[in-house]
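This report goes through one protein model step by step. Please keep the sequence and the 3D view open while reading.

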Amino acid sequence: MDVRKILELTPKNPYAFKILIDTIGGVLEECDIIIKKDEVYINTMDQSKTVGINFKSSKKNYKKLYVDPKLDKFILGLNLKYLSVALKSVNNSPDYRLTLSIDSDKQNLLRIRQKNKINRIKLIQVLSSANVDIKLNIQVKAQMNTKYFYDTCREVSHISGKLEVRFLEDKIKFIGRGD
């Protein structure tokens, strides 16, 4: 079986990458890292919605930044505590090398290669989007009392980490997810 890399990331400064992960991990337990062919970015908030993180890094900060050409982007859902532990031995030596990759046959595992050691951590989620042009024409019209909408969102936020609002043909459906 031919195993190929669908994602490979080698930062020029592994220690700076480790510090970034440790810093974000001090605020968040989990995070999505979005990797495109020419950039890496994180745009997220903590659960209490008090701390926002907006990080963007271009291809010039990486020795290698590869995303399978069939994909537009790759979204890695990571537990930052596990990643931080895996990166614990990263040091500030100029010859230190760190590579993060995902193989086509094990897409739920992030492979972390440091010098002569290889760790793997399970990803919370892996999403990839192919380079496909999709055109949608969706029109939804729904009316709801704003006070009722506000109260519903507030009540769901007390019991759920995420709120999904679905607009169906004849009703609005609120779905709480997480926590």
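## Source and confidence

This is a predicted model, in which local features need pLDDT of at least 70, side-chain atom pairs count only at pLDDT 80 or more, and totals for chains, interfaces and linings use all residues. Residues are numbered from 1 along each chain as its sequence is written, and side-chain values use heavy atoms, with hydrogens and water left out.

The predictor's confidence in each residue is called pLDDT and runs from 0 to 100. The chain has a mean pLDDT of 80, and 84% of its residues reach 70 or more. Helices (H or I, at least four residues) and strands (E, at least two) are DSSP runs, numbered from the N terminus. Where pLDDT is low, the predicted coordinates should not be read in detail.

## Helix H3

Helix H3 covers residues 146–159, which makes 14 residues. From first to last C-alpha, H3 reaches 21 Å, close to the 20 Å expected at 1.5 Å a residue; the expected span is 1.5 Å times one less than the number of residues. Four residues of H3 are buried: Asp151, Thr152, Cys153 and Val156. Buried means under 20% relative accessible area, exposed means over 50%, and partly exposed lies in between (1.4 Å probe, protein chains only).

## Cavities

The structure holds two cavities of 30 Å³ or more. A cavity is a set of points on a 1 Å grid over the protein atoms alone where a 1.4 Å probe fits but cannot get out, and lining residues have an atom within 4 Å of a point. Grid points are joined across faces, edges and corners, and a volume is the space filled by probe spheres set on the points.

The largest cavity has a volume of about 50 Å³. Its lining includes Leu7, Phe17, Ile33 and Leu110. Strands S1 (5–11), S2 (30–36) and S6 (71–79) each supply at least two of the lining residues. By class, this lining has 10 nonpolar, no polar and no charged residues. Ala, Val, Leu, Ile, Met, Phe, Trp, Tyr, Cys and Pro count as nonpolar, Asp, Glu, Lys and Arg as charged, and the others, Gly among them, as polar.

The second largest cavity holds about 40 Å³ of space. Phe17 and Ile33 are among the residues that line this cavity, along with Leu20, Val40 and Phe55. Helix H1 (14–25) and strand S3 (39–45) give two or more residues to this lining, and H1 gives the most, with three. The lining consists of seven nonpolar residues, with no polar and no charged ones.

## Salt bridges

There are five salt bridges in the structure. A salt bridge is a side-chain nitrogen of Lys or Arg within 4 Å of a carboxyl oxygen of Asp or Glu.

| Pair | Closest N and O atoms |
|---|---|
| Lys5 and Asp103 | 3.2 Å |
| Lys64 and Glu8 | 3.4 Å |
| Glu39 and Lys56 | 3.4 Å |

Lys5 in strand S1 and Asp103 in strand S7 (residues 98–103) are 98 residues apart. Lys5 is partly exposed at 26% relative accessibility, whereas Asp103 is buried at 12%.

Glu39 is buried at 16% relative accessibility, and Lys56 is exposed, with a relative accessible area of 60%.

Key:
On a 1 Å grid over the protein atoms alone, a cavity is a set of points where a 1.4 Å probe fits but cannot get out, and a pocket is an open set with protein on both sides within 12 Å along at least five of seven lines; lining residues have an atom within 4 Å of a point.
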